[in-house]
Amino acid sequence: MRTALFPGSFDPFTAGHEAIVRRALALFDKIYIAVGVNTDKKYMFSIEERLKIIRNFFPDDKRIEPVSYSGMTVDLCHQLNTRFIIRGIRNAADLDYEQTIAAVNQTLDPQIETILLLADSQHRDISSTLIREQLSHQSN
């Protein structure tokens, strides 16, 4: 079975994230959506809420498994026995950032491959930061 890891903070998971996962399903039999936990970071949604949001996007799809993790993404790849990391790219800034992270991951484990998928044009301007900003103004 060909598996991949789609890591992120997903605070919150967006339609853009969903589109990347659905496209990646053409390449992989199973995708772990790995919600990162960083105790130094302040999140709008708890880890439980973020996992629930993801489950709601894919309610009956057994090929998708949301998981939480802290620590190095490469370590989670080892734990889940996968050697592919999926990342979405919206713009040149994302590309620069993701190339750096991919290089670090490959230094830690040369067997880990990062697959960069370009965002669909309708999702290019969607970001978790923008969604959080909109939500914070709605609750005021």
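The conversation below goes through some features of a predicted model.

User: Which residues touch the most other members of the largest nonpolar core?

Analyst: They are F6, F13, V21, I31, I33 and I86, in a core of 20 residues.

User: And which elements give two or more residues to this core?

Analyst: There are five entries to name: strand β1 (3-8), helix α1 (15-24), strand β2 (30-36), helix α2 (47-57) and strand β4 (84-89).

User: Which other core lies apart from it?

Analyst: A separate core has ten residues, and L5, V67, Y69 and C77 are among them.

User: Back to F13. What is F13 in contact with, leaving aside its neighbours within four places in sequence?

Analyst: With those neighbours set aside, F13 is in contact with F6, E18, V21, I33, I53, I54, F57 and F58.

User: Changing topic: how many salt bridges does the structure hold?

Analyst: The structure holds six salt bridges. One of them joins the side chains of R22 and E18, at 3.0 Å from N to O.

User: Where do R22 and E18 lie?

Analyst: Both lie in helix α1, and they are four residues apart, which is about one turn of the helix.

User: Is R22 buried or partly exposed?

Analyst: R22 is partly exposed, as its relative accessible area is 41%.

User: Which residue does R23 meet in a salt bridge?

Analyst: The side chain of R23 meets that of D120, with 3.4 Å from N to O. R23 is in helix α1 and D120 is in the loop between β5 (113-118) and α5 (128-138), so the pair ties together parts that are 97 residues apart in sequence.

User: Are D120 and R23 buried or partly exposed?

Analyst: D120 counts as partly exposed at 24% relative accessibility. R23 counts as partly exposed at 32%.

User: What about R90 and D94, where the side chains meet in a salt bridge: how many Å from N to O?

Analyst: The separation in the R90 and D94 salt bridge is 3.0 Å, N to O. R90 is partly exposed, with 28% relative accessibility, whereas D94 is buried because its 16% is under the 20% limit.

User: On to the backbone. Which peptide bond is cis?

Analyst: The bond from D11 to P12 is cis, with omega near 5°. P12 is placed in the loop between β1 and α1. As a general point, most peptide bonds are trans.

User: What is phi of F10?

Analyst: Phi of F10 is near 50°, which is positive although F10 is not a glycine. F10 is found in the loop between β1 and α1, and F10 is buried, with a relative accessible area of 3%. In general, most residues other than glycine have a negative phi.

User: And what is phi of N81?

Analyst: Phi of N81 is near 60°, again a positive value in a residue other than glycine. N81 lies in the loop between α3 (73-80) and β4.

User: Is N81 buried or exposed?

Analyst: N81 is exposed, with a relative accessible area of 68%.

User: Last topic, A102: where is its place?

Analyst: A102 is in helix α4, which covers residues 92-108. A102 counts as buried because its relative accessibility of 19% is under 20%. The C-alpha atoms of A102 and I112 are separated by 8.7 Å, and the two residues are ten apart along the chain.

Note on methods. Residues numbered from 1 in each chain as written. Predicted model: local features only at pLDDT ≥ 70, side-chain atom pairs only at ≥ 80, totals over all residues. Heavy atoms only, no water. Core = buried A, V, L, I, M, F, W, Y, C linked by side-chain atoms within 4.5 Å. Buried < 20%, exposed > 50% of the residue type's maximum accessible area, 1.4 Å probe, protein only. Contact = heavy atoms within 4.5 Å. Salt bridge = Lys/Arg side-chain N within 4 Å of Asp/Glu carboxyl O.
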